[in-house]
Amino acid sequence: MDTVMLIVNPSSGKELGNEHAAAAEEVLRERYGNVDVRFTEKADDATHFAKEAASKQYKAVIAMGGDGTLNEAVTGLAEADHRPDFGIIPLGTVNDLARALGVPSDPEDAIAALKTAQPTPMDIGKYENGYFMNVIAIGLIAEAVDEVSVEEKTKWGPFAYLIEGIKAFREHSPYALSVQAEEHTFDGDAYLVVIALTNSVGGFENFEPDAKLNDGLLHVYLFENLGFKDAIQLAPALFTGKLKETDSVTSFTTKRAHVDSPESLPVNADGDTGGKLPLTFEVLPSHLNVLKPVE
């Protein structure tokens, strides 16, 4: 029999973490045998729990919570010599990783999918302050996300970020930014830099349709203009996967990118604060096996 760890954030999903934990434990026990259940109480608990699971050679780590909880768990696994398979049960506001993996948004369906989900290699990103499994945002959106309260997330869901983004656009001019990569160099003004690992960003599943779970690439987007005319172009492009065709966006792929600015700009990693510039971002190809539902 194998042992797996179930990490539960009880405050995620409108406080429904506890309610779904028992069902998840039952499914995991049927598949693996032994289940070590842990409940987070404070920041970084999921990281410490995942590190312990790796050190004890557990077969898998399953994280139940929002993208922040998942990021903490990935951070705990990233540096281990033995990295258990990683599974998720989404309970957050946006759940981008779940979208990218094809994990059902309904927690009960996501738990059921774990019965047959298969390990699939996935890239993760690394930077000085930690790791990310989905997206880095620098500039306008990063500042807006920091302003979104838990109450607003609960009330408005992903639209809470859009609302704050519109407010931020009205108050800010573009930022002076430098992006240095082997494939592309940018020195100028831009409102936003997005570095994506998966297709789903901010709840938009077609943000980067060319991104694959294990393509070994960072998908970099520079939003240089965000005026009214640009917004009219960008809105439908976000849904149709055609951002690269818009006039206000420059995009490229790379394995490593250094981003700097004269300003002390905040960095948002997987929906949470990730430090400030300057920072260098790189991809760790196929670094983690994720439990992907069988199609």
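Author: Buried means under 20% relative accessible area, exposed means over 50%, and partly exposed lies in between (1.4 Å probe, protein chains only). The model is predicted, so local features need pLDDT of at least 70 and side-chain atom pairs count only at pLDDT 80 or more, while totals for chains, interfaces and linings use all residues. Residues are numbered from 1 along each chain as its sequence is written, and side-chain values use heavy atoms, with hydrogens and water left out.

A salt bridge here is a side-chain nitrogen of Lys or Arg within 4 Å of a carboxyl oxygen of Asp or Glu. The whole structure holds 9 of them.

Start with R38. Its partner D36 sits 2.9 Å away, taking the closest N and O atoms. Both R38 and D36 are buried. R38 also bridges to E52, at 2.7 Å from N to O. That pair links distant parts of the chain: R38 is in strand β2 (residues 33-39), E52 is in helix α3 (residues 45-55), and 14 residues separate them. Helices (H or I, at least four residues) and strands (E, at least two) are DSSP runs, numbered from the N terminus. R38 has a relative accessible area of 18%, so it counts as buried. E52 is partly exposed because its value is 23%. A salt-bridge network links D36, R38, E52 and K56.

Now take K244 and E208. Their closest N and O atoms are 3.4 Å apart. K244 lies in the loop between α10 (228-240) and β12 (249-254), and E208 in the loop between β10 (192-196) and β11 (218-223), so the bridge ties together parts 36 residues apart in sequence. K244 is partly exposed, at 39% relative accessible area. E208 is buried, at 1%.
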